[in-house]
Amino acid sequence: MSIIRLALPNRGRGGSGLALAMPAVLLLLAFFVIPVAMLLLRSITEPEPGLQNYAALVGSPTYAKVFLNTFFVAGIVTLITVLIAFPVAWALTIMPRPWAAVIFAIIILSMWTNLLARTYAWMVLLQQTGLINRILISIGIIDQPLQLTNNLIGVTIGMVYIMLPFMILPLLGVIRKIDPSILQAAALCGATRWQALTRVLLPLATPGIASGGLMVFVMSLGYFVTPSLLGGTANMMLAELIAQQVQSLVNWGMGGAAAFILLVVTLGLYAVQLRFFEAREGTR
Amino acid sequence: MKMKALVVAAALTLAGGAAQAQQMVFTSWGGTTQDAQTKYWAKPLTEATGIAVVQDGPTDYGKIKAMVEANAVSWDVADVEFDWALQAGQKGLLEPLDFTVIDRAHLDPRFVSDYAVGSFYYSFVLGYNSAAFPGEKPATLADLFDTKKFPGKRTFYKWSAPGVIEAALLADGVKPEDLYPLDMERAFAKLDTIKKDIIWWEGGAKSQQLLASGEAPIGFFWNGRVAALQADGMNIGISWDQNITAADALVVPKGTKNKEAAMRFIAAATAAKAQADFAADTGYAPINTGSAALMKPDVRATLPDQQNALQVNADMAYWAAHRDEIGNRWYAWQAR
């Protein structure tokens with residue numbers, strides 16, 4: 001219900017809106033909805049009809065660990081991304097214009113650079129014989145190289161870096177609309193800086209944090225390249241499991257089941273966000 | 001020279017008329033290996049017959065299955081792992097090969113089946129960065145698993161395939177003749193002893209990067225990749241002790257519209273000279289029994305087929321029969 005309402009905001013002019021949306025709808029139908037339906041069908045028919053693929057996914061401790069890993073990594077990445085993106089977005093808002101424009105351009109440019117190239121760059125920087133370890137050793141902070149790749153640290157660094165723009169942009173949109181004099185008002189009323197942040201700025205920025213956070217979390221759930229290159233097998237994520245099943249084992253039933261579970265989780269989260277925002281819109 | 005070849009190819013194409021102006025697609029794993037396949041297999045075929053060979057890749061078993069099921073096969077010949085080829089043949093994903101076009105008599109019988117012939121064969125070998133081990137050098141598979149004697153990260157092939165499980169069992173003292181059926185639990189127990197020190201390589205380029213940089217100073221590699229590093233003048237050592245052979249295969253996905261061209265491509269690729277030239281360039285062994293005589297002795301000496309005495313052959317038929325089961329257990333163990 002809420003999805004329909006969001007998709008067709010101008011219900012009075014719904015007819016022409018629908019016609020305009022037709023090309024996109026048909027494209028999605030042909031190249032997304034139907035293939036996904038076929039994948040779902042495979043997940044309950046291969047190698048034989050039944051729910052054995054789902055039972056295997058849910059029942060095995062290995063796959064349970066992969067699911068847990070996936071949510072854990074996505075959660076950590078989202079949390080760290082928020083912590084870094086919030087000050088950046090705030091700084092961009094209060095900074096003098098020319099500087100803000102330069103930094104904004106750098107953030108956007110990083111999004112346009114090839115994902116694989118950026119991930120390989122991190123691999124070279126983070127490995128044991130890489131630049132970061134060599135610098136730390138040469139200035140005497142550590143004796144032994146730190147293990148920064150092929151584990152959770154590598155995945156987290158690489159993914160936070162890639163996700164940052166997706167958090168900064170929605171946050172910026174919301175924070176820019178906040179009237180800075182509101183903070184002065186808070187100070188005049190006797191709020192400390194901390195209180196001004198937690199009781200004024202953060203609540204007002206919550207819609208940005210929520211939509212950016214959800215986007216980052218959902219994108220992280222299905223991420224493949226970065227975990228596969230910077231992570232180890234011990235913290236395998238769901239997308240890698242799907243790739244293994246589809247490409248290496250040619251077991252599309254199992255791959256389809258895992259993909260479908262991921263899709264359901266994602267749609268569920270999306271529904272929660274819609275409801276949350278609808279509720280907020282209503283109170284205004 | 002190149003221009004002339006082009007002109008000749010064009011002339012042949014024109015002379016043959018539209019009916020013979022064939023085009024086919026070959027897919028392989030990229031990198032230096034596919035470059036060599038293009039140079040020594042595809043180009044001579046095009047020059048001799050006018051069949052244009054389009055290169056694609058990387059090979060993806062999921063895609064092959066999808067193409068065959070949808071009856072929309074766009075890869076006419078694929079370079080695949082031999083055990084997958086045997087399994088895919090049984091599952092009906094492949095065209096039977098036409099041995100009136102492909103000369104079976106001169107192919108190593110270890111690498112010929114109704115649906116697949118060898119593309120080249122290779123060995124998994126112990127490779128090490130000599131700078132990391134200034135004293136005693138690693139020599140046996142047991143050394144590969146001995147982190148006290150040879151400390152540091154070690155790198156192994158990530159995907160479920162013949163090689164690493166066999167190596168673990170041999171290192172644990174299993175005799176080569178007792179390897180099959182594979183004792184997976186014993187192999188995992190042995191691998192568990194070094195699991196925290198393993199960095200997995202998923203492709204040849206990464207394996208070279210790990211070894212050359214010293215990120216993983218020791219590991220288990222495709223012999224051709226180690227040979228390439230040595231040829232670049234790097235201080236890399238190799239031990240052939242209990243090198244484990246496996247092979248790639250050339251297959252034709254079922255339902256291709258260019259079956260005739262595909263068979264001719266395979267015939268050209270497995271010919272004695274094509275196999276000899278490819279082997280000399282890549283360090284992988286030829287599967288044509290007539291190739292050896294066409295190669296320089298010093299080049300031949302570096303190939304896996306000169307290491308027969310130290311060699312352990314991975315059992316492709318066993319792998320083909322148990323590929324799914326081994327794969328599921330392998331990935332489950334990795335994620336554990």
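In chain B, the C-alpha centres of domain 1 and domain 2 lie 28 Å apart.

- The domain assignment gives chain B a domain 1 of residues 2-121 + 247-306 and a domain 2 of residues 123-246 + 316-335.
- Where the two domains of chain B touch, 15 residues of domain 1 are in contact with 17 residues of domain 2.
- On the domain 1 side of that contact, helix H2 (31-49) and helix H4 (82-90) of chain B each supply at least two residues.
- H4(B) makes the largest share of this side, with 5 residues.
- Sorted by class, the domain 1 side has 7 nonpolar, 6 polar and 2 charged residues.

**Nonpolar cores**

- The largest nonpolar core has 100 residues, and the members that touch the most others are B:Ala85, B:Ala167, B:Val251, B:Phe265 and B:Ile266.
- Strand S4 (residues 117-129) of chain B gives the largest share of this core, 8 residues.
- Both domains of chain B take part, since at least three residues of the core come from each of domain 1 (2-121 + 247-306) and domain 2 (123-246 + 316-335).
- Leaving aside residues up to four places away in sequence, B:Phe265 touches B:Met24, B:Phe26, B:Leu45, B:Val53 and B:Val77.
- A second, separate core holds 50 residues, including A:Leu171, A:Ile175, A:Val216 and A:Ile242.

**A close look at B:Ala285**

- Is B:Ala285 buried or exposed? B:Ala285 counts as buried because it has 27 C-beta neighbours inside 10 Å, and the cut-off for a buried residue is 20 or more.
- B:Phe120 is 165 residues away from B:Ala285 along the chain, yet their C-alpha atoms are separated by 5.9 Å.
- Apart from residues up to four places away in sequence, B:Ala285 touches B:Phe120, B:Tyr121, B:Tyr122, B:Ala279, B:Leu303, B:Pro304 and B:Asp305.

**Chain A: overall layout**

- Read from the N terminus, the elements of chain A run α-α-α-α-α-α-α-α-α-α-α-α-α.
- Along the principal axes, the C-alpha atoms of chain A fill a box of roughly 70 × 70 × 30 Å.
- Chain A has 284 residues, and buried residues make up 29% of them.
- Among contacts in chain A between residues at least 6 apart in sequence, 76% join residues at least 24 apart.
- Chain A is divided into domain 1 (1-43) and domain 2 (61-283), with C-alpha centres 28 Å apart.
- Helix H7 (residues 131-138) of chain A is hardly covered, with 0 buried residues among its 8.
- Just after H7(A) comes A:Gly140, which takes a positive phi of about 85 degrees.

- An unreviewed UniProt entry places the feature "domain: ABC transmembrane type-1" at residues 67-273 of chain A.
- In the model, residues 67-273 of chain A are 79% helix and 0% strand, and the end C-alpha atoms lie 21 Å apart.
- The unreviewed UniProt entry also gives the annotation "transmembrane region" to stretches of chain A, among them residues 71-92 and 249-272.
- Residues 71-92 of chain A are 100% helix, and their end C-alpha atoms are 31 Å apart.
- Residues 249-272 of chain A are 88% helix and 0% strand, with end C-alpha atoms 35 Å apart.

**Confidence in chain A**

- The average pLDDT of chain A is 86, and 92% of the residues score at least 70.
- Residues 1-9 of chain A stay under 50 in pLDDT, and the model has 7 contacts for them beyond four places in sequence.
- Where pLDDT is low, the predicted coordinates should not be read in detail.

Terms used
Residues are numbered from 1 along each chain as its sequence is written. Chains are lettered from A and ligands numbered from 1 in the order in which they are written. This is a predicted model: local features need pLDDT of at least 70, side-chain atom pairs count only at pLDDT 80 or more; totals for chains, interfaces and linings use all residues. A nonpolar core is a set of buried Ala, Val, Leu, Ile, Met, Phe, Trp, Tyr and Cys residues joined through C-beta atoms within 7 Å. A residue is buried if 20 or more other C-beta atoms lie within 10 Å of its own, exposed if 12 or fewer, and partly exposed in between; C-beta atoms are placed from the backbone. Helices (H or I, at least four residues) and strands (E, at least two) are DSSP runs, numbered from the N terminus. Domain bounds come from an automatic or database domain assignment. UniProt positions are given in the numbering used here, feature names are shortened, and annotations may be inferred rather than shown by experiment. Ala, Val, Leu, Ile, Met, Phe, Trp, Tyr, Cys and Pro count as nonpolar, Asp, Glu, Lys and Arg as charged, and the others, Gly among them, as polar. pLDDT is the predictor's confidence in each residue, from 0 to 100.
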